[in-house]
Amino acid sequence: MSAVLQTEAATGELATGYRLSVRRFARNRLAVAGLLVVVLFLLFCFVGPLVYSTDQTHTDLTQVNLAPSGAHWLGTDAVGHDELGRLMFGGKVSLLVGLAAGLLATVIGTLWGAVAGYAGGWVDAVMMRVVDAGIAIPALFILLVVSAITTPDSLGLILILGFVSWLVPSRLVRAETLTLKSRDYVLTLRAIGGTHGRAIFRHILPNSVSTIVVAATFQVADAILLVAYVSYLGLGVQPPSTDWGGMLSAGLTAAYSGRWWLIVPPGLAIILVVCAFNAVGDGLRDAFDVKGRA
């Protein structure tokens, strides 16, 4: 009975903490602005093509390198694709890959860190040495090597990014788990015969949501940047598909000819989205910070 009461009390405190965190986040103007930018780009990339329909598969060599006009609001590229439609099309790939890879990395890192922190002892030592070894190798280097060996599609990029980006979330969740596993409600659960899985999934992970959500936000921003890096070097998704990094790479030479519309829009899109996700992450971190609550 005491375990149930302690669990209910912990759940009530958690709900109250979330409400306070939402209010604190809403007072952070930069974080709210970042969230608004993310929502606007999601609408732009996923709803925009329904309003501004263009053909992003077939080329039209009679419409190459046209300047912005009423017919093509952001001009056309070297093969006749409408640049505004291309920005939506490429943004859909960048955002899908970034969101999916960031979530995959967070899930893997969360499970790894929770198990390592809860198990402790030699299990924790071995698992975290794996993490330390992985962090010593830059994720971009691994991504470039794999992309050079094989030509990944969107799903391939998601899997590659997810499996090279989970290391930092695992360390954050492990640190949180080390603190939570000594709480009274977890110790009581173990004393009455509760399983390790129940302790992790019903008590430790729900109370680590703040750490997990913040980590996921930064992972998405990092994944979008990594996709842009790889695609800029020509190792990302292949035509006719594209993403913002691929658009930057394709428009680089045209920029010297004064065709700014081929490089400025995708570059600004990457900067705005990454900064927006980082602003949301900073806002969430401050909102969940117990020391900073009023």
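This briefing covers the overall fold, helix packing, nonpolar cores and selected residues of one protein. The model is predicted. The protein has 13 helices and zero strands. Of its 294 residues, 43% count as buried.

**Overall architecture**

- From the N terminus on, the elements run α-α-α-α-α-α-α-α-α-α-α-α-α.
- The C-alpha trace spans about 75 × 45 × 25 Å along its principal axes.
- Among contacts with a separation of 6 or more, 72% join residues 24 or more positions apart.

**Helix α6 against α11**

- Two packed helices are described by the angle between their axes and the distance between the axes.
- Helix α6 covers residues 139-149, and helix α11 covers residues 209-232. Their axes come within 11 Å and cross at roughly 45°.
- The crossing of α6 and α11 is right-handed.
- On the α6 side, the contact uses Leu140, Leu143, Leu144 and Ser147. On the α11 side, the partners are Leu226, Tyr229 and Val230.
- By class, the contact of α6 with α11 holds six nonpolar residues, one polar and no charged.

**Helix α6 against α7**

- The axes of α6 and α7 come within 10 Å and cross at roughly 150°.
- This crossing is right-handed.
- Helix α6 contributes Ala139, Ile142, Leu143 and Val146. Helix α7 contributes Ile160, Leu161 and Val164.
- The residues of this contact divide into seven nonpolar, no polar and no charged.
- Leu143 of α6 takes part in the contact with α11 and in the contact with α7.

**Nonpolar cores**

- In soluble globular proteins, nonpolar side chains tend to be buried together.
- The largest nonpolar core here has 22 residues.
- Its residues with the most contacts inside the core are Leu87, Leu95, Ile224, Trp244, Ile270, Val273 and Phe277.
- Elements giving two or more residues to this core are α2 (29-46), α4 (83-119), α11, α12 (244-255) and α13 (264-288).
- The largest share, six residues, comes from α13.
- Isoleucine 224 is in contact with Ser94, Leu95, Gly98, Val273, Val274 and Phe277, leaving aside its neighbours within four places in sequence.
- Of those partners, Leu95, Val273 and Phe277 are also listed among the residues with the most contacts inside the core.
- A second, separate core has 13 residues, including Val93, Ala101, Ala223 and Val227.

**Asparagine 65**

- Asparagine 65 lies in the loop between α3 (48-51) and α4.
- Its phi is near 55°, a positive value in a residue other than glycine. Most residues other than glycine have a negative phi.
- Asparagine 65 counts as partly exposed, because its relative accessibility is 26% and that class lies between 20% and 50%.
- Not counting residues up to four places away in sequence, asparagine 65 touches Thr76, Asp77, Ala78, Arg259, Trp261 and Leu262.
- Asparagine 65 and methionine 127 are 62 residues apart along the chain, and their C-alpha atoms are separated by 53 Å.

**Threonine 150**

- Threonine 150 sits in the loop between α6 and α7.
- Its relative accessibility is 39%, so threonine 150 counts as partly exposed.
- Threonine 150 and leucine 235 are 85 residues apart in sequence. In space they are 8.9 Å apart, C-alpha to C-alpha.

**Phenylalanine 163**

- Phenylalanine 163 is found in helix α7 (residues 154-164).
- Phenylalanine 163 is exposed, because its relative accessible area is 53% and the exposed class starts over 50%.
- It touches Leu104 and Ile108, not counting residues up to four places away in sequence.
- Phenylalanine 163 and arginine 259 are 96 residues apart in sequence and 38 Å apart in space, C-alpha to C-alpha.
- Arginine 259 is also one of the residues touched by asparagine 65.

Conventions
Residues are numbered from 1 along each chain as its sequence is written. This is a predicted model: local features need pLDDT of at least 70, side-chain atom pairs count only at pLDDT 80 or more; totals for chains, interfaces and linings use all residues. Side-chain values use heavy atoms; hydrogens and water are left out. Axes are lines fitted to C-alpha atoms, for helices over the stretch in contact, and angles run from 0 to 180 degrees between N-to-C directions. Helices (H or I, at least four residues) and strands (E, at least two) are DSSP runs, numbered from the N terminus. A crossing is left-handed if the near helix is turned anticlockwise from the far one by less than a right angle, and right-handed if clockwise. Contact means heavy atoms within 4.5 Å. Ala, Val, Leu, Ile, Met, Phe, Trp, Tyr, Cys and Pro count as nonpolar, Asp, Glu, Lys and Arg as charged, and the others, Gly among them, as polar. A nonpolar core is a set of buried Ala, Val, Leu, Ile, Met, Phe, Trp, Tyr and Cys residues joined through side-chain atoms within 4.5 Å. Buried means under 20% relative accessible area, exposed over 50%, partly exposed in between (1.4 Å probe, protein chains only).
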